[in-house]
Amino acid sequence: MDLAAFLDNFRKSHSYQGQIVHIHRVPKREAVYCELSNPLPDELASALRKIGISKLYSHQVNAIENVRNGKSIVVVTGTASGKTLCYNIPVLETLLNEPTAKAFYIFPTKALAQDQLRGLRRWAELEPTLAQIMKTGTYDGDTPPTTRRKLRDEASIILTNPDMLHQGILPYHTRWNRFFADLRYIIIDEIHAYRGVFGSNVANVIRRLNRVCDFYGSKPQFICCSATIANPTELAQKLTGVSMKLIDNDGSPRGEKLFVFWNPPVIDVGAMERRSSNIEAQLLMTELIKSGIQTITFGRARIVAELMYRYVRDSLKRKKPELADKVRPYRGGYLPEERRKIEQQLFSGELLGVTSTNALELGIDIGSLDASIIVGFPGTIASTWQQAGRAGRGSEESLAVFIAYNDPIDQYLVKHPDYFFGQSPESAIIDPQNPYILANHLRCAAFELPLKQNDSLYFGTQMHAIAEAIEEEGNLKKIDGAWYYASTEFPAKDVNLRTISENTFTIVELPTAIQSKRLDDVEFTTSGIYPSSSQTPEQPRVIGEVDSISAPEILYPEAVYMHEGETYLVDELDLQGKVAYVRRAEVDYYTQAILDSSIRINNTTSESLDSFPLKKEWSKCLVYYGPAIVTWATTGFKKIKFYSLDSIGYGKVNLPPQHLETMALWIIPPKDLLDEIQTRGLKPVEGLVGIRNLAVHVLPLFAMCDKQDIGGIVDSSNTGLPTIFIYDRYPGGLGFAEKGYKTIEDLMYSCLEVINGCECEEGCPSCVGIPILRPPIHTDPDIFGASPIPNKEAAKVILENLCNS
C-alpha cells in the first residue's frame, strides 16, 4: 500500500477540511553490522542462520561483548531493533558452557512473557542441542501447581512478571534454593514501563530479589532493555541497585515512516471548539481499514478505546458490513483470556484493526501493522514514539498519525511540530524511598528473611525508622538487633505493585432476571444470585476491575461504564465490599464525573519528612515543595451524547470524600502583583486558575507522567493569598510535583509560551480553559460548586510579569 497516495486521496475526499497540518518523514535507515571478538558457539550460529540472521547489528554485538565481560547493561534502541537477541544470545551461550546456570526473564505483563516464551521455544525447535539445555516456562498466576514445581526444580530459564516474583516466588525462596544459588542472569525488559507507582514498587521487589540472591551466594548480572527515554542508565540503576553500562548504538534498519500531525477542524466561529478527536480518529481508521491497511488506534483512557471501537464498528456496518467484525477493542480491565484471543487474532491477520489504551504500547508481538493512530498526546514524547513504533516493523513504509485534542499541549504540539521532533524524550521518574511503598516492602522482606541493620544497603537510610514504626504496629519484633516478621498475615498479598492503594474494585454484571430490580430485593448466595421471587439461580459475571482511587470517579451510581463497546449503567458502588454492580443498558451517551476538591498543607509529618517544606524564591514568587492532604469527592456528572461533545444532562452524586496524603508544589505570587492585576479590572484568582490548568497539562513534558498522575487546586485558605497547588495523585508522592519545583522557571515559561501560541481571544481548551461557568447550562452550586473560572488575559499578565522579571 502506498501510504502517501492514501493521504493524497483523503485530501481530495469530502471529509477533508484541512486536518493535516504537518507531515514529517522519518527517513529510511540502513543496517549497521559488527563482528564479535570471539565467534558464537556453532549451535547458536546455526539457529540464527535458520531464522535468516547471518550478521548481528552493532548494538547487539556491543551488548554481547559487555555481558561476556561481566557487566550489567541497559540496551536502549528503537522498536523492532532486535533487543531480544541482546539477552537471549548471552543466556544461551552461558547455558551451552554451564548447563546448571539459571536465568530469570522479568516482563511487566503476562502477555509479554507468553510472547517471549514462544520466541525461546523457537530456538529449541531449530537446534536439538539447545532443546536439551534450555528448559523454559512461564511462572505466573495461570501456571498450574504441578508445572510450577517442575519449573522450580528443572527449568533453566523462567519467564515471569514482577507481581509473581513479589507474591509467588520471593516469599517462598527456600523452595527455590537451587535456582537462586545458580542464578546467573536477571533480564528486565521494557524498563520504561517501570515508572511512577509501578516502577517504585518494582525497584523494591528487585532489592528484595538481590537480598535473597546474596543469601544463596549468587551475584547475577542484569540485562535491561528500554524504549528511548532521557535517563535509561539512571532508571536502570534505580530499579536494580547496580551499576549499568549503556548500549544505545542502534544498528537496526528502519523503513520510512510518515508521521502526520492532524488537527480536528474548528466547528464554531470563535475558534473555541473543535470537532471531536474521537470522530476524526473513527473517520481515519475506517478509511484505512476499508483500504486494507492494518491499523492500531491508541486512546488515553479506557473510555476512548471503547468509544473508538463502537464508532468504527458502527461506521463499517454502514459502509462495508463484512469488515465490521474485523475490529476489536483492547485495554486493561479485560479478563486475560479475552486479551490473549485479541492478540492472536491481530498477529494472525484475522483482525484489520484494534482500538487500545497503552496496554498494547509495549512490545507484544502483534505482527507487522501498517498504521498507528494516536488519539490525544499520550503524556510523554517517549510514549508517543513508542505507540507510533507499533506500526512499521521491518523495512516497510508505515504511517503514524497524531490526532490532537483541544488541550493546551496537544494544540501547542500541532502548531509547533519542530518542538516535538527536536525534543529529546523525557526522564522516567521513580521513588523507591516513598515511605508508603517502602514500608510495604519492608514487611515483605522481613517475612522472607529477618531484617538486619546492614540491609539498609538495599533499602536506604529510612529503613531503620520505618522498621521501628512497623514494629510499633506489631508486625515486626526486634530480637538481637534484627527485625523478625511477627504477624500471622501474609504481607505480599496486601501489596499491589500497580497502585499504592491496596484495594481494587470488581465490576459485576447483574443477571438479566434482576436488571430491573433493586439490589435490596436480591439475595446473594454462594451458588448464585436469586431474585426474591425466583428459585432459579443466575450467576453474576465479572467483567472487569478498577483501582480504588479511580472507582468513585468511574463507577458512581448512574454512570455509564463501557466494555467491548457495550454500555452498562452502574446500579450501585459498594464501598465496603469493593464491588460495582452494573446492568446492560442501551443508551446513546456516556458520562463524565465532576469532582470537588480542597487541599491543606500538612504541618504534622513523620521524622523522615522533617526537612520539608522546601522553599525558594523564583522571580517575585515564593515556591514551596512539601507534604499536603488533598480531599476530593465525585459530586456530580454530565451526560455527553455519542458522536458529539454536547452535554445532554447532569446528575448529582452522593459519595463520601476521599483523602490523600501526598507531596505538592505550591506557588505564592506577590501581593503587589495581585493588586496590580485588580487595578486592570481583572480578577487575579481567575488568572491563577488558568495558570493552574496550564501547569497540569505542561508538567508531564518535564516529568514522565500522565496528566491523570497530577492534580491542581487554587486555594487561599492555607497561605492567606491565592496560591497555585500542583500535587501528585498518589499517597506519599512520586516525585512529579518535585520535578515541577525543580524546574519551576522552565515550567512557567512553557505555560506562557502556550498562551502566546493560542489564537483565541478570551481563553479556550487549547490554553487556559473555557471562560464560562462549569457546566455550561447548569449552575447549581450544590452540585457543581462555585469554582473560579479561568481568564486568559489575567493569566498572561501574571506570567509575563513573572517570567520577564
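Mentor: Gladly, and keep in mind that the model is predicted. Let's start with F259, which touches H22, I23, H24, I374, T384, W385, A388, A400, F402, F420 and F421, leaving aside residues up to four places away in sequence.

Trainee: What makes these count as touching F259?

Mentor: Contact requires heavy atoms within 4.5 Å, and the listed residues, including W385 and F402, meet that for F259. F259 is also, with F402 and M748, among the residues with the most contacts inside the largest nonpolar core, which has 69 residues. A second, separate core of 45 residues includes M164, I169, L239 and C444.

Trainee: Why is the pair F261 and F420 called edge-to-face?

Mentor: Two rings pair if their centres lie within 6.5 Å, and planes over 60 degrees apart count as edge-to-face. For F261 and F420 the centres are 5.5 Å apart and the planes stand at 65°, so the pair is edge-to-face. F261 sits in strand β11 and F420 in helix α17, 159 residues apart, so the pair links distant parts of the chain. Both residues are buried, and the whole structure holds 33 aromatic pairs.

Trainee: How do you know that K616 lies over the face of Y741?

Mentor: The charge has to be within 6 Å of the ring centre and within 35 degrees of the ring normal. K616 is at 4.5 Å from the ring centre of Y741, and lies over its face. R729 lies over the face of W632 too, at 6.0 Å from the ring centre.

Trainee: What makes strand β5 largely enclosed?

Mentor: Buried means under 20% relative accessible area. Five of the five residues of β5 (residues 102–106) are buried, so the strand is largely enclosed by the rest of the structure. Both faces are covered, with K102, F104 and I106 on one side and A103 and Y105 on the other. β5 pairs in the parallel sense with β8 over five bridges, where K102 has L183 as its partner. Four bridges also join β5 to β7, again parallel, and I106 stands opposite T160 there.

Trainee: How do you know on which side of helix α20 the buried residues lie?

Mentor: The buried residues of α20 are M463, I466, A467 and I470. They cover an arc of only 100° around the axis, which puts them on the same side of α20. These buried residues pack against α18, α19, β17 and β18. After α20 comes G474, whose phi is positive, near 100°.

Terms used:
Residues numbered from 1 in each chain as written. Predicted model: local features only at pLDDT ≥ 70, side-chain atom pairs only at ≥ 80, totals over all residues. Heavy atoms only, no water. Buried < 20%, exposed > 50% of the residue type's maximum accessible area, 1.4 Å probe, protein only. Helix = DSSP H or I, 4+ residues; strand = E, 2+ residues; numbered from the N terminus. Arc of directions from axis to C-beta. Core = buried A, V, L, I, M, F, W, Y, C linked by side-chain atoms within 4.5 Å. Phe/Tyr/Trp six-rings, centres within 6.5 Å; stacked < 30°, edge-to-face > 60°. Pairing = 2+ DSSP bridges.
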